[in-house]
Amino acid sequence: MTPYTLAQFSDDVVKPENATEVVAICRRIDMDAALVGWSANIEERVRAGGVYWDLACAVRQVAEGLQPRNYLEIGVRLGSSTAMVAATAPAVDIAAFDLWISPYAGLDNPGPDHVRRQLARIGHRGELRFFDGDSRLTVPRYREENPLVQFDMVTVDGDHSDEGAWSDLTNVAGLVAPGGYLFFDDLTHPYHTLMPIWQRFQTTYGADFECVENLNDHYGTGVARRKE
Ligand SMILES: C[S@@+](CC[C@H](N)C(=O)[O-])C[C@H]1O[C@@H](n2cnc3c(N)ncnc32)[C@H](O)[C@@H]1O
């Protein structure tokens, strides 16, 4: 892992090259109509000279800056956010947690084989392990079985209920390596109420993490870096 400060991240994540690279990675994976629309919007925003960053842009930028050894993701679906990390740091080891709810919000959710194919296609060569089931159970079980493991990058984008998201955040906070990053998505999503959960995270874990957020693009993204 290369040291990568939150100030560096904040400078880099808004650069048009980052969003452009996100769109380029999107072109290398299978996308459904929802992802096609999302990626076209990013492309349009960059073409218009605007500033844009969301979860995909954040994880891609940190993967470039940090060159993570490992990545834990709760909430994978088609693997687009996973692909951002794997395409940028191809040797990264990935622990992928999902309940594979299908359909998910009206969208296909084909499962691990699909994600495995996506990552193989973009040249991922690290370990890829799936932990299927409710993350409220699978993450604590993982921690019990792997008490010494920490992750350079962790994304929480699974259960979007207040209780489920809070449970995920509290279960992974201790799994983030010093100098590593935690991402939390959909802060402003109109169907969810995750902004107070993100604020609660900052209040509860402020001694251990420094945080930034972007509430302007897509559905809002929170980024936390664990202090050394
Ligand atoms: C918003 S999608 C993830 C999108 C993905 N991170 C991306 O950016 O492409 C949410 C995923 O979380 C999963 N999920 C929902 N509740 C879950 C739970 N309790 N445990 C594990 N996964 C869950 C769903 O099956 C779905 O695949």
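In this predicted model, Val-154 has Leu-182 of strand S5 as its bridge partner. Strand S4 (residues 151–156) and strand S5 run parallel and are joined by five bridges. S4 also pairs with strand S1, again in the parallel sense, over four bridges. Within that pairing, Ile-74 stands opposite Val-156 in S4. S4 is mostly covered, six of its six residues being buried.

**The sheet**

These pairings belong to an open sheet of seven strands, with mixed pairing and the order S3-S2-S1-S4-S5-S7-S6. Strand S3 (128–132) and strand S6 (209–214) stand at the edges; each has a single partner strand, so one side of each is left without a neighbour in the sheet. From one strand to the next the twist averages 15°. Strands of a sheet pair through backbone hydrogen bonds, in either a parallel or an antiparallel sense.

| Strand pair | Sense | Bridges |
|---|---|---|
| S1 and S4 | parallel | four |
| S4 and S5 | parallel | five |

**Helices H7 and H8**

Helix H7 lies across strand S1 (70–74), S2 and S3, and runs at about 145° to S2. Two packed helices are described by the angle between their axes and the distance between the axes. For helix H7 (residues 135–145) and helix H8 (residues 162–173), the angle is about 5° and the axes are 10 Å apart. Angles under 35 degrees count as roughly parallel, and H7 and H8 are therefore roughly parallel to each other. On the H7 side, the contact is made by Ser-135, Arg-136, Val-139 and Pro-140; on the H8 side, by Gly-164, Ser-167, Asp-168, Asn-171 and Val-172. By class, the residues of this contact divide into three nonpolar, four polar and two charged.

Apart from its neighbours within four places in sequence, Ser-135 is in contact with Ile-74, Phe-97, Gly-158, Asp-159 and Asp-168. Although Ser-135 and Asp-159 are 24 residues apart in sequence, they are 8.0 Å apart in space, C-alpha to C-alpha.

H5 is itself mostly covered: nine of its nine residues are buried.

**Loops and backbone geometry**

Two residues other than glycine have a positive phi, as set out here in turn. Phi of Gln-67 is near 45°. Gln-67 is found in the loop between helix H4 (55–66) and S1, and it is partly exposed, with 15 other C-beta atoms within 10 Å. Ala-105 has a positive phi of about 50° although it is not a glycine. Its place is in the loop between S2 and H6, where Ala-105 is exposed, with 10 other C-beta atoms within 10 Å.

The loop between S2 and helix H6 (112–121) also holds Pro-103. A cis peptide bond joins Ser-102 and Pro-103, with omega at about -5°.

**Helix H2**

Ala-24 lies in helix H2 (residues 16–26). A residue counts as exposed if 12 or fewer other C-beta atoms lie within 10 Å of its own; Ala-24 has 12 such neighbours and therefore counts as exposed. Ala-24 and Ser-39 are 15 residues apart along the chain, and their C-alpha atoms are separated by 9.3 Å.

Definitions and conventions. Residues numbered from 1 in each chain as written. Predicted model: local features only at pLDDT ≥ 70, side-chain atom pairs only at ≥ 80, totals over all residues. Axes fitted to C-alpha atoms, helices over the stretch in contact; angles between N-to-C directions. Parallel < 35°, antiparallel > 145°, perpendicular 65-115°, else oblique. Contact = placed C-beta atoms within 7 Å. Nonpolar A, V, L, I, M, F, W, Y, C, P; charged D, E, K, R; others polar. Buried ≥ 20, exposed ≤ 12 C-beta atoms within 10 Å, placed from the backbone. Pairing = 2+ DSSP bridges.
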